[in-house]
Amino acid sequence: MSDRSTLLRVEHLRKVYESQTGDVEAIGDISFTMNAGELVCIVGPSGCGKTTLLKCLAGLLRPTSGLVEMDGAPVTGPSPAMAVVFQEYGRSLYPWLTVRGNVELPLRHKKLSRAERDKLVTDALTAVGLDHAARSHPWQLSGGMQQRVAIARAVAYQPEVLIMDEPFAAVDAQTRADLEDLVRELHSSRNISILFVTHDIDESVYLGERVLVLSKSPTWVQEDLAIDLPPERDQITTRALPRFTQLRTHVYDQIQRAKRGQAVAPQAAR
Amino acid sequence: MTTHPERIAVTRRKPGVGSRIAASFGYALGLPMLLLVIWGLVATRSTSRFFPDPLTIFEAFVDTWVGPAFVEDVLPSLYRLGLGITASIVIGIAAGTVIGLLQWLRELLEPLLEFFRAIPPPVLIPVVMLLLGITDTMKVVVIVSGAIWPILLNTIEGVRATDSVMKETADSFQITWWERLWFLVLPAASPRIMAGVRQGLSVALILMVISEMFASSAGLGYRIAYFQRNYLIAEMWSGILLLGLVGVFLAVVFGLVERRVLRWYHGIREVNRV
Amino acid sequence: MRVLSTRRLRALRKALLGVVGLAGFLVVWQLIPTLGLINSQYLPYVTDVAARLFEESLDLAFWRRLGSTMTSWAIGLAVATFAAVVLGTIVGLVPFLRRATHTMVEFLRPIPSVALIPLAVLMFGIQMQAALVIIIYASFWQVFVQVIYGVADVDAVARDTARSFGLTRREQLTHLVLPTALPYLMTGLRLAAAVALILAITAEMVIGNPGLGRMIELSRSAGDSVGLYAFVVVTGLLGLAVNLVFRFVERRTLSWHQSVRGEEAR
């Protein structure tokens with residue numbers, strides 16, 4: 001939180017898919033910036049193209065038009081500055097590798113000594129509390145633990161920004177609370193910049209320093225909301241704060257308006 | 001899972017209690033023993049010359065195959081079989097990976113490969129004989145020409161069907177080409193590849209026997225046909241028994257390799273079943 | 001609309017590439033003897049083989065041979081399937097039998113059926129029965145093993161549901177066990193059909209009972225390479241037809257079941 005320079009800049013991003021019934025404009029016009037060390041949540045009604053946006057940011061999809069800039073350089077493909085945590089942990093971890101092998105895999109082509117590599121892996125596994133499971137295989141673990149492995153893999157990669165695509169959508173509620181705290185913990189203790197995509201309003205308010213509310217498809221940024229909750233957050237006390245409830249209600253209303261398509265695009269976006 | 005979120009599932013191991021071992025031993029050998037006894041009783045009473053009793057076959061087995069015949073007939077056959085299988089696996093996987101990764105090549109070759117797969121492998125024996133003459137190379141080529149198709153086609157299918165999220169993961173972490181091949185494409189295709197190898201093995205054994213029955217003056221297949229033509233019934237049976245043993249040996253070796261290569265695959269299935 | 005056409009274009013491209021591949025193969029085949037890379041005595045011109053194929057297709061004797069091959073194929077497959085379904089269902093349903101027969105199956109299954117050719121010849125001479133022994137032995141295991149898998153694969157929840165609603169044994173068999181096992185049976189049938197064809201033709205080659213395989217062997221010993229290649233092509237087409245038909249039947253019966261079954265029975 002010391003350095004607040006611009007890390008990620010998105011300008012007039014647009015993505016059109018070709019489909020059987022004709023062209024579908026998934027993303028209309030999205031612009032925003034993200035500073036280094038920030039934790040930004042992106043929330044929107046279901047089917048608003050969150051995953052599409054994220055894939056464009058990560059360089060996995062080519063946008064139809066517009067610009068994604070990382071550290072001032074345009075993103076044209078996957079970059080070592082970003083690491084993605086996918087929603088489908090079961091398909092994103094390789095079942096034939098051990099937990100350790102999965103975390104280590106992306107580091108193999110980085111020019112690191114064996115010892116440095118081992119240290120990064122051990123360190124990342126400890127950070128997510130899975131050092132005891134390093135030699136297991138992912139499918140021997142519960143869903144929440146598997147998603148932690150995916151997070152450890154991303155952390156060990158030492159990216160400048162961690163991109164998380166609805167990472168906790170497929171785990172149960174209790175595990176989910178633990179994982180949310182893990183994300184907060186990684187953010188505050190390691191000062192990692194995180195872009196967190198979710199469809200869960202509570203989650204976005206609880207986690208984020210900023211929440212971007214997306215409109216329904218074709219998508220634009222309907223609101224850029226600063227979350228002025230104290231940085232030390234706690235599942236019980238933070239969620240009980242009146243301010244939390246206010247922000248939550250506000251985002252909820254925005255989403256409802258977005259669903260009905262009532263919100264009008266701001267001038268700049270047209 | 002909700003109640004034990006930190007639990008690591010462990011694949012189950014059978015408890016090694018003595019009585020259980022004895023029971024599974026009984027189950028494993030009971031029926032074969034019973035059948036052998038029945039066979040022996042029937043064979044001693046009936047007049048059919050074609051079914052000698054098990055003891056006679058066993059004696060013939062020892063007389064026929066233990067000794068120089070093992071070196072002259074069995075070893076060369078097994079050597080050619082091993083060579084043919086190895087070549088089929090290596091070529092099949094290598095070519096299958098290339099074809100599976102390149103869509104245009106796949107579409108170009110697909111109908112052709114379907115046709116070659118559909119040719120009953122033994123009819124290739126006369127063709128290869130015509131092209132290469134009656135040599136040892138010909139016998140190996142015959143084995144490859146039949147055993148390669150299931151391996152090749154299964155590899156193509158397995159490589160093509162690599163999971164999209166797994167591919168995106170590799171993309172997003174900028175895994176290099178070799179790492180991608182070694183850590184993603186081949187392991188992901190391995191269940192399919194192993195299924196192909198299993199089919200290839202049985203084809204290879206069939207072709208080894210037939211090619212020797214057809215065009216040889218030595219080897220297992222030739223020997224068995226020779227015994228039959230000369231009405232050496234017990235010896236012929238001992239040959240059938242030996243071929244059976246070779247088949248079982250191949251199946252056991254394959255089973256061991258498969259269990260090792262696909263440990264993760266069977267592990268997932270076991271965890272899902274619980 | 002534009003997208004629909006790109007889809008169609010893609011399908012067209014695929015078909016076109018396939019035809020190009022096939023044509024390319026035929027051209028290369030024609031060029032090899034033309035350029036003298038291999039003597040046309042060993043690798044005849046593709047045009048000669050095609051002409052021979054056409055000639056044969058006008059000959060009634062050819063169709064009779066094809067008929068006898070397919071007859072032994074059909075009888076063998078039918079007998080093997082029937083035996084395998086009956087025995088497989090019984091063994092699959094009774095845990096005691098499943099355990100007791102396990103070693104026997106694991107030992108008998110890998111025995112290459114061609115090893116039985118000499119025995120079959122001794123017993124039946126050069127008649128169709130000799131070929132049938134081998135065809136039935138080989139294709140039986142394919143179906144038998146699949147049926148055992150299929151019967152054992154009945155979902156535990158579905159079984160409990162059936163019990164809790166008080167279905168009788170007979171009802172369980174017809175409404176639960178057989179529908180579960182059907183896709184496996186179809187897979188086994190597809191594999192068995194291919195194996196049965198291979199062995200029908202192999203038996204004719206080695207034993208000498210009338211059929212396509214015998215024609216291949218006769219062409220070889222007579223040095224008639226054009227005929228040899230023509231008959232090999234015919235067996236390939238036959239194999240292709242068997243594969244396509246059984247794959248189609250399998251897909252039709254499986255359409256509702258595919259997601260449940262996974263990759264078990266490849």
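**View 1. Chain C holds eleven helices and zero strands.** The model is predicted. From the N terminus on, the order of elements in chain C reads α-α-α-α-α-α-α-α-α-α-α.

**View 2. The overall dimensions of chain C.** Along the principal axes, the C-alpha atoms of chain C fill a box of roughly 75 × 70 × 30 Å. The radius of gyration of chain C is 23 Å.

**View 3. Burial and contacts within chain C.** Of the 266 residues in chain C, 38% are buried. Contacts between residues at least 6 apart in sequence were also examined. In chain C, 73% of these contacts join residues at least 24 apart.

**View 4. Chain C is assigned domain 1 and domain 2.** Domain 1 of chain C spans residues 1-43. Domain 2 of chain C spans residues 44-261. The C-alpha centres of domain 1 and domain 2 of chain C are 31 Å apart.

**View 5. Where domain 1 of chain C touches domain 2 of chain C.** Domain 1 of chain C contributes eight residues to the contact, and domain 2 of chain C contributes five. On the side of domain 1 of chain C that touches domain 2 of chain C, five residues are nonpolar and three are polar. No charged residues occur on that side of domain 1 of chain C.

Note on methods
Residues numbered from 1 in each chain as written. Chains lettered and ligands numbered in written order. Predicted model: local features only at pLDDT ≥ 70, side-chain atom pairs only at ≥ 80, totals over all residues. Helix = DSSP H or I, 4+ residues; strand = E, 2+ residues; numbered from the N terminus. Rg over C-alpha atoms; globule rule 2.2 N^0.38 Å. Buried ≥ 20, exposed ≤ 12 C-beta atoms within 10 Å, placed from the backbone. Contact = placed C-beta atoms within 7 Å. Domains from an automatic or database assignment. Nonpolar A, V, L, I, M, F, W, Y, C, P; charged D, E, K, R; others polar.
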